[in-house]
Amino acid sequence: MNVTKYWIASLAAAVWLLLYGFVANVIVLGGFWEAHTSPGLMRPEDQQIMWAVIVSCLLQGLALGFIFTRGYENKGIAEGLRFGVLIAWFVAALYLLFYALQPWDNVSTAVTIVTDGIMYVGAGVVLALLYKQ
């Protein structure tokens with residue numbers, strides 16, 4: 001594993017997760033989430049803990065980067081797309097579990113799966129572009 005490339009690619013993936021998450025969930029879907037969030041399920045915007053969001057994105061970026069390097073084959077964007085789809089598939093399965101156990105509605109669950117699926121595919125592309133040898 002190229003440690004320098006790992007850190008650069010992983011940190012770039014973390015930045016992608018943070019920026020995409022903000023644009024998708026606050027700017028594009030902000031009104032949707034206000035209308036579709038179950039009471040008591042989400043913190044109001046003024047009570048959200050931003051340092052935890054940032055740390056979460058950082059930890060995800062580092063983990064995704066590490067996992068990506070384990071199967072790295074230097075196949076370019078296609079490899080990043082494949083990796084991102086596999087991560088999105090795994091996360092979608094978790095969201096279905098949350099849907100089964102928490103008061104999520106059908107539409108919010110579908111929007112979350114699609115929105116976050118795009119986010120993880122994008123992270124895979126970022127990793128592939130920046131980790132290439």
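Modeller: A definition comes before the questions: the expected span of a helix is 1.5 Å times one less than its number of residues. Helices (H or I, at least four residues) and strands (E, at least two) are DSSP runs, numbered from the N terminus. This is a predicted model, in which local features need pLDDT of at least 70 and side-chain atom pairs count only at pLDDT 80 or more, while totals for chains, interfaces and linings use all residues. Residues are numbered from 1 along each chain as its sequence is written, and side-chain values use heavy atoms, with hydrogens and water left out.

Colleague: How far does helix α1 reach from its first C-alpha to its last?

Modeller: Helix α1 covers residues 3–28, which is 26 residues. At 1.5 Å a residue, 38 Å is expected, and the reach is close to that. The value for α1 is 36 Å.

Colleague: What is the order of elements in the protein chain from the N terminus on?

Modeller: The protein chain has five helices and zero strands. Its order is therefore written with one symbol throughout, given that helices and strands are both DSSP runs. From the N terminus on, the order is α-α-α-α-α.

Colleague: What is the radius of gyration of the protein chain?

Modeller: The radius of gyration is taken over C-alpha atoms, and the globule rule is 2.2 Å times the number of residues to the power 0.38. For 133 residues that rule gives 14 Å, and the chain comes close to it, so it is as compact as a globular protein of that length. The C-alpha atoms fill a box of roughly 50 × 25 × 25 Å along the principal axes. The radius of gyration is 16 Å.

Colleague: Which elements are among the cover of the buried residues of α1?

Modeller: Buried means under 20% relative accessible area, exposed over 50%, and partly exposed in between (1.4 Å probe, protein chains only). The buried residues of α1 include Tyr-6, Ala-13, Leu-17 and Tyr-20. Contact means heavy atoms within 4.5 Å. The cover of the buried residues of α1 includes α3 and α5 (106–131).

Colleague: Is Ala-14 buried or exposed?

Modeller: Ala-14 lies in helix α1 and, leaving aside neighbours within four places in sequence, is in contact with Cys-57, Leu-58 and Gly-61. Its C-alpha is 7.6 Å from that of Leu-59, 45 residues apart in sequence. The relative accessibility of Ala-14 is 8%, so Ala-14 counts as buried.

Colleague: Which elements do the buried residues of α4 pack against?

Modeller: Helix α4 has 25 residues and reaches 36 Å from its first C-alpha to its last, close to the 36 Å expected. Among its buried residues are Phe-83, Ile-87, Val-91 and Tyr-95. The buried residues of α4 pack against α3 and α5.

Colleague: What is the relative accessible area of Trp-89?

Modeller: Trp-89 lies in helix α4. The C-alpha atoms of Trp-89 and Gly-117, 28 residues apart along the chain, are separated by 7.5 Å. Trp-89 is exposed, with a relative accessible area of 62%.

Colleague: Where is Asn-74?

Modeller: Asn-74 has a positive phi of about 55° although it is not a glycine. At 41% relative accessibility, Asn-74 counts as partly exposed. Its place is the loop between α3 (50–70) and α4 (77–101).

Colleague: Which residues is Lys-132 in contact with, leaving aside its neighbours within four places in sequence?

Modeller: Lys-132 lies in the segment after α5 and is partly exposed, with a relative accessible area of 48%. Its C-alpha is separated by 6.9 Å from that of Gly-76, 56 residues apart along the chain. The contacts of Lys-132 are Lys-5, Tyr-72 and Asn-74.
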